[in-house]
Amino acid sequence: MEIPKIFESEYRFCLIMWESEPITAAELVKICQKRLGWKRTTTYTVIKRLEERGVLKNENGTVTSLVSKDEAQASEIDELVKKKFEGSLPAFVAAFTKHQNISEDELDEIQSMIDRIRKGGS
(Lines give C-alpha, C1' and ligand atoms only; values in the text may rest on other atoms or scores of the structure.)
Protein backbone atom coordinates (compact mmCIF):
# COMPACT_ATOMS: atom_id res chain seq x y z
CA MET A 1 0.00 0.00 0.00
CA GLU A 2 1.32 3.41 -0.98
CA ILE A 3 1.53 5.71 2.04
CA PRO A 4 0.30 9.23 1.22
CA LYS A 5 2.84 12.04 1.54
CA ILE A 6 2.56 13.96 4.81
CA PHE A 7 4.18 17.39 4.70
CA GLU A 8 6.03 18.93 7.66
CA SER A 9 3.21 21.05 9.15
CA GLU A 10 0.79 18.19 8.56
CA TYR A 11 3.19 15.84 10.34
CA ARG A 12 3.19 18.09 13.44
CA PHE A 13 -0.62 17.89 13.34
CA CYS A 14 -0.47 14.10 12.93
CA LEU A 15 1.77 13.77 16.00
CA ILE A 16 -1.01 15.39 18.02
CA MET A 17 -3.67 13.20 16.41
CA TRP A 18 -1.68 9.98 16.93
CA GLU A 19 -1.14 10.66 20.62
CA SER A 20 -4.79 11.58 21.22
CA GLU A 21 -6.90 9.48 18.85
CA PRO A 22 -9.73 8.92 18.62
CA ILE A 23 -10.30 12.61 19.16
CA THR A 24 -12.99 15.06 18.17
CA ALA A 25 -12.20 17.65 15.53
CA ALA A 26 -13.22 20.34 18.03
CA GLU A 27 -10.67 19.07 20.55
CA LEU A 28 -8.01 19.00 17.81
CA VAL A 29 -8.81 22.64 17.08
CA LYS A 30 -8.16 23.55 20.72
CA ILE A 31 -4.91 21.58 20.92
CA CYS A 32 -3.59 22.89 17.59
CA GLN A 33 -4.42 26.44 18.63
CA LYS A 34 -2.46 25.95 21.85
CA ARG A 35 0.52 23.93 20.55
CA LEU A 36 0.86 25.10 16.96
CA GLY A 37 -0.72 28.55 17.08
CA TRP A 38 -3.22 27.55 14.40
CA LYS A 39 -6.61 29.12 13.80
CA ARG A 40 -9.71 26.93 13.75
CA THR A 41 -9.96 27.18 9.97
CA THR A 42 -6.35 26.01 9.54
CA THR A 43 -6.98 22.87 11.59
CA TYR A 44 -10.17 22.04 9.69
CA THR A 45 -8.36 22.61 6.37
CA VAL A 46 -5.58 20.20 7.38
CA ILE A 47 -8.12 17.61 8.53
CA LYS A 48 -9.92 17.89 5.17
CA ARG A 49 -6.69 17.61 3.14
CA LEU A 50 -5.43 14.62 5.12
CA GLU A 51 -8.81 12.94 4.83
CA GLU A 52 -8.83 13.46 1.05
CA ARG A 53 -5.38 11.87 0.82
CA GLY A 54 -6.33 8.88 2.99
CA VAL A 55 -4.19 9.73 6.03
CA LEU A 56 -7.13 10.03 8.43
CA LYS A 57 -10.88 9.76 8.59
CA ASN A 58 -13.31 12.20 10.12
CA GLU A 59 -16.57 10.44 10.93
CA ASN A 60 -19.24 12.46 12.67
CA GLY A 61 -16.59 14.83 14.03
CA THR A 62 -14.34 12.08 15.40
CA VAL A 63 -10.88 11.92 13.84
CA THR A 64 -8.86 8.68 13.63
CA SER A 65 -5.79 7.79 11.63
CA LEU A 66 -5.69 5.53 8.59
CA VAL A 67 -1.87 5.75 8.50
CA SER A 68 0.09 4.97 11.66
CA LYS A 69 3.05 6.97 12.90
CA ASP A 70 5.34 3.99 12.17
CA GLU A 71 4.03 3.73 8.59
CA ALA A 72 4.51 7.47 8.00
CA GLN A 73 8.06 7.42 9.39
CA ALA A 74 9.03 4.33 7.40
CA SER A 75 7.67 5.90 4.21
CA GLU A 76 9.70 9.08 4.79
CA ILE A 77 12.89 7.09 5.41
CA ASP A 78 12.27 4.98 2.29
CA GLU A 79 11.84 8.15 0.23
CA LEU A 80 14.98 9.71 1.73
CA VAL A 81 17.10 6.62 1.03
CA LYS A 82 15.82 6.41 -2.56
CA LYS A 83 16.28 10.12 -3.31
CA LYS A 84 19.51 10.97 -1.52
CA PHE A 85 21.37 7.64 -1.30
CA GLU A 86 20.35 5.98 -4.59
CA GLY A 87 18.44 3.33 -2.65
CA SER A 88 21.49 2.19 -0.68
CA LEU A 89 20.72 1.54 2.98
CA PRO A 90 24.45 1.07 3.84
CA ALA A 91 25.22 4.49 2.30
CA PHE A 92 22.43 6.03 4.38
CA VAL A 93 23.69 4.40 7.59
CA ALA A 94 27.28 5.46 6.82
CA ALA A 95 26.18 9.09 6.28
CA PHE A 96 23.95 9.07 9.34
CA THR A 97 26.59 7.66 11.67
CA LYS A 98 29.49 9.71 10.32
CA HIS A 99 28.85 12.67 12.64
CA GLN A 100 26.83 10.96 15.38
CA ASN A 101 28.02 9.79 18.76
CA ILE A 102 26.34 6.41 19.15
CA SER A 103 26.21 5.00 22.66
CA GLU A 104 26.93 1.39 23.54
CA ASP A 105 23.24 0.94 24.41
CA GLU A 106 22.21 2.25 20.98
CA LEU A 107 24.73 -0.03 19.27
CA ASP A 108 23.36 -3.01 21.25
CA GLU A 109 19.81 -2.07 20.25
CA ILE A 110 20.79 -1.79 16.58
CA GLN A 111 22.61 -5.14 16.75
CA SER A 112 19.49 -6.73 18.28
CA MET A 113 17.42 -5.38 15.37
CA ILE A 114 19.88 -6.82 12.86
CA ASP A 115 19.85 -10.18 14.65
CA ARG A 116 16.02 -10.25 14.61
CA ILE A 117 15.94 -9.44 10.89
CA ARG A 118 18.46 -12.18 10.12
CA LYS A 119 16.27 -14.66 12.01
CA GLY A 120 13.26 -13.65 9.91
CA GLY A 121 11.62 -11.34 12.44
CA SER A 122 10.81 -7.69 12.13
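**Ground rules.** I am looking at a predicted model, where local features need pLDDT of at least 70, side-chain atom pairs count only at pLDDT 80 or more, and totals for chains, interfaces and linings use all residues. Residues are numbered from 1 along each chain as its sequence is written, and side-chain values use heavy atoms, with hydrogens and water left out.

**Helix H3.** I started with H3, residues 40-52. (Helices are DSSP runs of H or I with at least four residues, strands are runs of E with at least two, and both are numbered from the N terminus.) I checked its length: at 1.5 Å times one less than the number of residues, its 13 residues should span 18 Å, and the end C-alpha atoms are 19 Å apart, which agrees.

Which residues of H3 are buried? I found Thr43, Val46, Ile47 and Leu50. (Buried means under 20% relative accessible area, exposed over 50%, partly exposed in between, with a 1.4 Å probe and protein chains only.) These four cover an arc of only 100 degrees around the axis, so they sit on the same side of H3. (The arc is taken from the directions from the helix axis to the C-beta atoms.) The face turned away from that buried side carries the exposed residues Lys48 and Glu52.

What covers the buried residues of H3? I noted that the cover includes H1, helix H2 (25-36), strand E2 (56-59) and strand E3 (62-65).

**Glu10.** This residue lies in helix H1 (residues 8-20) and is buried, with a relative accessible area of 6%. Leaving out residues up to four places away in sequence, I listed its contacts as Lys5, Val46, Arg49, Leu50 and Arg53. (Contact means heavy atoms within 4.5 Å.)

**Salt bridges.** I counted 7 of them, each a side-chain nitrogen of Lys or Arg within 4 Å of a carboxyl oxygen of Asp or Glu. Glu76 pairs with Lys5, with the closest N and O atoms 3.1 Å apart. That pair joins distant parts of the chain, 71 residues apart: Glu76 is in helix H4 (residues 69-84) and Lys5 in the segment before H1. Glu79 pairs with Lys83 at 3.0 Å; the two are 4 residues apart in H4, which means about one helical turn separates them. Lys83 is exposed at 62% relative accessible area, while Glu79 is partly exposed at 25%. I also saw that Lys5, Glu76, Glu79 and Lys83 are linked in a network of salt bridges.
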